Amino acid sequence: MSTPTQERTTGPRMDHELDHLRGVVPSPVRPAPPHLSLMVLGGAVLATLLLHLALGRSLVLSVVIGYLLYVVGVNVAYRLTAGARVATDHTMRALIYGAFVLAIIPLISLLWTVVENGGATALNPDFLQQTMNGVTGVHDKAYVEDGAPMVGGAYHAIIGTLIITGIAALISIPVGLFTAIYLVEYGGLNRLSRAIRFLVDVMTGIPSIVAGLFAFALFGVLFGVGTKNGVAGAVALSVLMIPTVVRNSEEMLRIVPNELREAALALGVPKWRTIAKVVLPTAASGLASGITLAIARVIGETAPLLVAVGFTRVLNVNPADGPMNNLALYAYYMFTRPLNPGYRDPSIERAWAAAVLLVICVIALNLLARLIAKFFAPKTGS
Amino acid sequence: MSETITRAPRRSGPARRVGDVVFSGTSRASALLILVILAGVAIFLTVEALPVFTSGSADITGGEGFFSYVWPLVAGTVIASIIAMVVATPIAVGIALFVSHYASRRIGQTIGFVVDLLAAVPSVVFGMWGMQVFAPKLVPFFGWLEDNLGFLPFFADGSATGRTLLTAALVLAVMILPIITSVSREVFVQTPRLHEEAALALGATKWEMIRTAVIPFGTPGVIGGTMLGLGRALGETMAVAIILSPGPFTWNLIGTGNKTIPSEIALNFPEAAGLRLSELIAAGLVLFALTLAVNLIARWIVDRRSEFSGAN
Amino acid sequence: MEKSDMSKRIDINDLNIFYGAFHAVKDVTMAIEPKTVTAFIGPSGCGKSTFLRTLNRMHEVIPGARVEGEVSIDGRNLYGRGVDPVDVRREVGMVFQRPNPFPTMSIKENVLAGVRLNSKRLSSGAADELAERSLRGANLWNEVKDRLDKPGSSLSGGQQQRLCIARAIAVQPQVLLMDEPCSALDPISTLAIEDLINELKSDYTVVIVTHNMQQAARVSDRTGFFNLEATGQPGQLVEFDDTQRIFNNPAQQATEDYISGRFG
């Protein structure tokens, strides 16, 4: 192997043979001044402040421009001192950090809006205990003009949420769980299993409103066109819940080590008992966590219920008889069809209050799912 | 002499216990139920939608037949969803990379939690926020677009309320961000350490390592996640229904007007009857076909690339 | 043209390695002569791989890892002020325990991966020449010359490891580090790699960590024995000498015990 000789140069950067090969244009990496990025950041922050305070541009615009200045500045600064490769590295780092910040902003804005607009009302016991039965636009007008207390609440919606989601869970959990059991314990790789897995994937893609249309159509065929009631809504939600439960359960069951099953079978335990007494308990925390998340997913669904359940203002605890209300529907109707179009604020307040309750429910369920997964997981050896 | 009693061999091995039969039967039945449900969705929707195809064109809303009724809806749905996907994907990939390769574990878990929160918020709440808070904030931006890019048909005439297709698309982007982020993150985190170290040992900067080892490994997953996000956006109803102020189709994205299939159904279903009902259900069927196609393509892409993806 | 013998000499002075507060390896001082093969042996967890990785600053991949002391190649301290680890890794290449060709790249692209990272432009002529040269240097050219465009993962384990060696030497390093390069390979591939190491030492300084004492005896000129006093204590270099001496007449009792299999 013959390579050209080269003079050894001194300096912090090592001279390297690759740079001297014919046909290779090196892209060097040189040391950069320390804290260069911080200096550029300082400059960008100064520019932002200048734009906003001195030149009066809006805060949002100033921050955006400041950020862009930082990205460009970092690129140029490093390109001049340390080389193109280091410049690219820092630029991408700046963009990636920026993406994260960008995603947080809507979330913060949203949570803030929800709490600000609906927090007080949601905590009001009257709101939680009254329905909208008998409440009219006159009451709202009185509230706005005369300072009368706000009348009308979401009690019927809360109960409706519990009933409809409860029935949906009652349907989806057994079906989903047993399907997962079939896939993992009995079916393996046979044709039915492959078809089922494929179809479950298809099912996860069903738009929620289509699930509602399905339930509506099903009940229309079975019970007459236009049948809208709580059970229909629960069926629609089940169509959405089942694939989530199946997929999560399948994964949790798969994680259970085969050795456990084999040990039980070798002791003469029948297969069904092995599953029921060994596999399921081992996977229990993961299963419970997944089911909780599935419930969280459907508790806020509005579209399918719009279609399959209809609307009512009064409390209806019979899911088989006529429309019911639920928190999501309640929020939607209050927001888009205020009781008194001339005095919209009370209805909007009620809508946000319902939104607060929904968001609390959903966050609580998510936290619960995480806790279950963490604290009830079978203790593995370290 | 020995007498051997021969027995006819059993068809299956050990005696079938009742428990086994019941258990395995229930499992199998549940699995079959999935088939039934899916078939049911297709069948029942088609049945209810049939009147649309048998009645005359003049009877359909708009007076010119189902196709001319539904294509503006499809256009609106697709445009909004594609914008959402295009906006959300780079940001989602950025966050996923941040969590998988730049942030410490603690911060990564916090971000994971935050992203889950975003995913958990019900769409009706997104719609309310979009209309009450986000849309008005966008109005000056629309004004800027109209002033500077108004020669493009997309930005011809800025709306004063902000309740436009572009607003809806941006809210959709926020809503589908979590699913793309979590799928991408899961895949980036699984990049084999060995390949990352190989890149670093060759003298790669951090970004070059990501470009060489992480992104090629994760690309099929990211594409799958993006398509999942697209599917979600296509089917998203409430946020769009609340934000949009409905009107006929227009290329002007920052003006009022435009509808999507889900929002059209949601807004009109409660009071619909007869043929109108069938129309809406038929539109729902079209939507279902659309999302089905997107999901199938997503699977195909992911499966096709997995041989060269290093998943082996 | 021969390179001067002053180059590629590695001097390590009072090197101490820490993971956060944990003192992993202490007080290593040694000199590695150019164009030799040096092997590090010792029981699991004694720090030999950790130490190897400080020679190309790969330990820094783990957050909280740091060193005190000096590692100099050709008189230049790798840990000097302003030295970018990226630069160091061009000089000191590494081959890992398990072969890791990039799965989405072809064989040729794999070989050139490091070169492409380090250069703005690579003419196709130079690319072909460099690929062939590196593959020949790794004794792999004849087996793959007709299928350079096939994916890197389509090769057998032993071939993949030689591909990784080709990839490492394509960057023209001065030093080649090998972290148990044969432990994932079958015996025949292992012998092929050992033969290759013997050839590589005419152009590179090779440092190899191995669990296999016989391999160290076969392949290396000098051997360093690392050991732990007790679990939780930092690992240290117990003895460093010509391979013949270490295996036939070690100076330290601990070395003798390890060689004869009394522990490890």
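Student: How many bridges join strand β1 of chain C to strand β2 of chain C, and do they run parallel or antiparallel?

Tutor: Seven bridges join β1 (residues 10-19) to β2 (residues 22-32) of chain C, and the two strands run antiparallel. Keep in mind that this is a predicted model. One pair to look for is C:Y19, whose bridge partner in β2(C) is C:F22.

Student: What do β1(C) and β2(C) form, and how many residues sit between them?

Tutor: They form a hairpin with two residues between them. Take a look at C:G20 in the turn, where phi is positive, at about 65°.

Student: How does β1(C) pair with β4(C)?

Tutor: That pairing is antiparallel too, over eight bridges. Find C:N16 and you'll see C:E68 of β4(C) standing opposite. Here's a general idea for looking along any strand: if the strand is regular, its side chains alternate between the two faces of the sheet.

Student: Now for helices. At what angle do α6 and α7 of chain A pack?

Tutor: For a helix pair, look at the angle, the spacing and the hand. Helix α6 (residues 155-187) and helix α7 (residues 191-204) of chain A pack at about 145°, with axes 10 Å apart. Their crossing is left-handed.

Student: Which residues of α6(A) and α7(A) meet?

Tutor: From α6(A) you have A:T179, A:L183 and A:G187, and they meet A:L192, A:S193, A:I196 and A:R197 of α7(A). Sorted by kind, the contact has three nonpolar residues, three polar and one charged.

Student: How is chain A divided into domains?

Tutor: Domain 1 of chain A covers 31-118, and domain 2 covers 155-375. Their centres, taken over C-alpha atoms, are 42 Å apart. The contact between them takes four residues from domain 1 and six from domain 2.

Student: And how many residues do chain B and chain A put into their contact?

Tutor: Chain B puts in 67 residues and chain A 72. On the chain B side, helix α1 (residues 18-54) gives the most, with 20 residues. That side divides into 43 nonpolar, 16 polar and eight charged residues.

Terms used: Residues are numbered from 1 along each chain as its sequence is written. Chains are lettered from A and ligands numbered from 1 in the order in which they are written. This is a predicted model: local features need pLDDT of at least 70, side-chain atom pairs count only at pLDDT 80 or more; totals for chains, interfaces and linings use all residues. Domain bounds come from an automatic or database domain assignment. Two residues are in contact if their C-beta atoms, placed from the backbone, lie within 7 Å. Axes are lines fitted to C-alpha atoms, for helices over the stretch in contact, and angles run from 0 to 180 degrees between N-to-C directions. Helices (H or I, at least four residues) and strands (E, at least two) are DSSP runs, numbered from the N terminus. A crossing is left-handed if the near helix is turned anticlockwise from the far one by less than a right angle, and right-handed if clockwise. Ala, Val, Leu, Ile, Met, Phe, Trp, Tyr, Cys and Pro count as nonpolar, Asp, Glu, Lys and Arg as charged, and the others, Gly among them, as polar. Two strands pair if DSSP finds at least two bridges between them.
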